[in-house]
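Please look through the two chains below before reading my points, and keep the structure open beside them.

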Amino acid sequence: MSDTPVNPVDGLLRMERMPHIWCGGCGIGTSVNCFARAVDKAGIDHEHLHVVSGIGCTGRVAGYVNVDSFHTTHGRAIPFATGLSLSRPDSKVVVYSGDGDLTAIGGNHFIHAARRNIDMTVICVNNFTYGMTGGQVTPTTPYSAKASTTPYGNYEHTFNLPNLADSCGAQFVARWTVYHVRQLTRSMTKALKIKGFSFIEVIAPCPTLYQRRNKLGDGVMALQYYKDQSTIQNGADTADVGLSFQSDLIVGEFVERENLTFMEGYEKRMKEILGDGFVPYKGAK
Amino acid sequence: MKADSSAVLTGMHFIDGNEACGEGAIAAGCRFVAGYPITPSTEVVEQIARRFPKIGGMFIQMEDEIASSICFQGAVWAGLKAMTVTSGPGISLMMEHVGLAAITECPSVFVNVQRGGPSTGLPTLPAQQDVMQARWGSHGDYEVIALAPSSPQECFDHVITCFNLAEKYRCPVFFMMDETVGHMLGKVKIPPADEIEVVERVYTKRPPGEYLPYKIYDGDQPEMVRVGMGHRIHSTGLTHDERGYPDMNAEAQDKMVRRLCSKITDHVDEISIAESDQVEGSDVTIVSYGITARVVAYAVDLLREQGLKVGRVRLVTLWPFNEKLIKDVAQNTKAIIVAEMNLGQMVYEVERVVAGKVPVHLIGHAGGAMIELQTIMDKIKEVAS
């Protein structure tokens with residue numbers, strides 16, 4: 001019907017695939033809504049946007065965005081995106097996946113893509129658990145939090161993801177919760193415009209598994225926690241933004257720097273050494 | 001289509017199989033390689049790393065073989081011809097992405113310069129122990145194509161065949177070299193570019209909205225697409241429908257997997273390359289492939305001079321297995337010997353097809369050295385007598 005209001009993010013979603021698989025109160029959908037708005041604000045033409053995911057709940061994002069999109073293997077979205085990004089220098093490649101996928105099985109690829117400064121934006125929805133497989137412990141699950149594989153509470157040390165990305169050389173590092181939709185949208189917009197490796201951690205609730213198992217209430221209660229206990233500290237030293245169980249959350253844009261991207265470094269070196277004998281890589285014509 | 005003349009090193013060369021493989025990939029149009037150093041394959045990527053900056057290619061040394069085996073698939077979807085190169089432990093790590101290439105129908109070339117295994121095994125010594133792994137190594141039902149070269153010249157020629165087959169059949173294609181053929185120096189003739197047949201990727205001409213990435217319109221292959229064409233494709237490693245969207249039930253699985261297999265098994269005659277020599281009326285026929293086939297050919301020549309009636313079959317294409325060829329051999333010889341640098345892999349496939357019609361023997365050892373000429377001659381004489 002012509003007078004039916006159209007949702008402004010419909011254009012970036014595969015509406016024929018709705019309803020999505022995410023649970024009520026899950027934060028992934030909120031982050032996708034922010035992402036769709038950010039793509040619009042950044043003025044990125046959808047034909048030149050490619051989204052790559054790994055496996056897991058957040059790994060399903062690639063299946064719902066209406067752009068050329070790839071749902072790859074567990075942990076390996078980043079190396080796939082590396083080949084795609086290098087070979088499509090005129091496109092923006094976004095890796096959208098979860099904490100287990102990107103930082104456990106995919107941790108090696110994460111640090112190396114950041115180190116190489118591959119031109120891509122990595123969005124990590126951190127819900128502190130493997131949702132798709134039923135709520136197991138991940139490298140970001142806080143100490144003492146319960147997961148199905150840590151029934152007596154987690155006893156491992158955790159990753160501080162902004163610090164990890166920062167120490168590997170990421171050009172842009174931000175963290176927001178899904179309560180901070182405007183700030184998150186702004187940071188996503190910024191990240192999409194940055195050349196090189198940018199990273200955004202999105203703290204999000206998993207009401208079905210993480211919240212329930214740890215008696216933290218539903219998605220609304222998670223948002224209340226994010227609202228009450230978040231402090232915005234743009235430019236904070238990423239060494240100071242580590243998280244613990246239901247601790248205060250430091251959010252904001254922590255890092256902005258400008259180094260040569262992988263491709264810029266490659267071209268600079270080859271021109272110096274090979275001179276006119278160098279034929280730059282243009283990727284696919 | 002013909003090869004790109006600006007990149008082909010036309011002329012006579014004295015190079016090893018690894019270098020020849022690198023040059024062959026360049027001639028085939030490969031312009032993106034992701035790899036990780038591993039003996040005895042490393043010279044292939046070293047050659048690529050030297051040459052690519054001068055011809056507009058991109059080599060990236062990834063953090064491991066897992067990354068390499070999916071990085072190049074990203075480049076394929078971008079619109080490039082691409083490959084990865086490895087050996088034993090590396091190809092084991094890559095198996096998940098062989099499955100990804102199979103289910104997403106990504107034209108993929110995996111070069112495996114085989115060494116002795118299992119595990120770290122024999123990094124600097126040859127074997128042909130990965131033949132069954134190439135066929136069955138990733139989980140699930142699927143088909144692959146695999147070729148085994150016997151000389152540096154064939155390392156050049158047949159890596160081109162691999163790229164051409166990958167484009168035609170949209171599947172993982174293995175180039176099953178081994179340490180000996182990889183490090184063997186030999187005369188390699190690189191023809192003029194206009195004499196090198198190269199299969200270019202054919203992209204769909206259907207406009208956005210009228211194209212589904214996994215629908216069969218004509219023939220039995222879906223029409224290829226790359227990013228940025230406006231189709232907004234979705235590619236997934238999940239069981240999917242014609243749109244490429246996840247469709248997870250028994251019917252969709254059966255339909256998809258059967259097609260992934262039949263699109264190759266229905267074309268064995270077109271895919272298969274083999275040599276068959278004096279099989280008819282022979283007392284014994286010896287079947288071999290790769291570097292082993294060179295020793296076998298010499299052994300057979302010497303025994304024929306002694307008056308023995310020996311047939312010889314060399315498989316260049318290992319997979320899909322040419323059942324018809326081996327059935328014909330079984331009709332025309334009295335016994336079959338399979339010679340391979342492993343404790344028996346292809347011999348099972350031969351036994352399966354021969355089905356007891358004639359006796360099937362194995363000459364094999366666990367890798368580390370080529371099979372000795374004398375060992376082959378002794379066995380042929382024993383079986384023929």
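1. The contact between the chains takes 40 residues from chain B and 37 residues from chain A, where two residues are in contact if their C-beta atoms, placed from the backbone, lie within 7 Å. On the side of chain B that touches chain A, α2 (42–55), α3 (65–78) and β9 (234–236) are among the elements that each supply at least two residues, and α3(B) gives the most, with 10 residues. Helices (H or I, at least four residues) and strands (E, at least two) are DSSP runs, numbered from the N terminus.

2. A word on the source: this is a predicted model, in which local features need pLDDT of at least 70 and side-chain atom pairs count only at pLDDT 80 or more, while totals for chains, interfaces and linings use all residues. Residues are numbered from 1 along each chain as its sequence is written, and chains are lettered from A and ligands numbered from 1 in the order in which they are written.

3. The two chains also meet through strands, since three bridges join β2 (residues 68–71) of chain A to β9(B), and these strands run parallel; strands pair if DSSP finds at least two bridges between them. Within this pairing, Ser69(A) stands opposite His234(B).

4. In helix α8 (residues 219–229) of chain A, the buried residues are Gly219(A), Ala222(A) and Tyr226(A). They lie on the same side of α8(A) because they cover an arc of only 55 degrees around the axis, the arc being that of the directions from the helix axis to the C-beta atoms. On the other side, Val220(A), Lys227(A) and Asp228(A) are exposed. A residue is buried if 20 or more other C-beta atoms lie within 10 Å of its own, exposed if 12 or fewer, and partly exposed in between, with C-beta atoms placed from the backbone.

5. The largest nonpolar core has 200 residues, of which Val33(B), Val111(B) and Val159(B) touch the most other members. Such a core is a set of buried Ala, Val, Leu, Ile, Met, Phe, Trp, Tyr and Cys residues joined through C-beta atoms within 7 Å. Domain 1 (11–195) and domain 2 (274–384) of chain B both give residues to this core, so it lies between them; the domain bounds come from an automatic or database domain assignment.

6. The C-alpha centres of these two domains of chain B lie 26 Å apart, and 24 residues of domain 1 of chain B are in contact with 21 residues of domain 2 of chain B.
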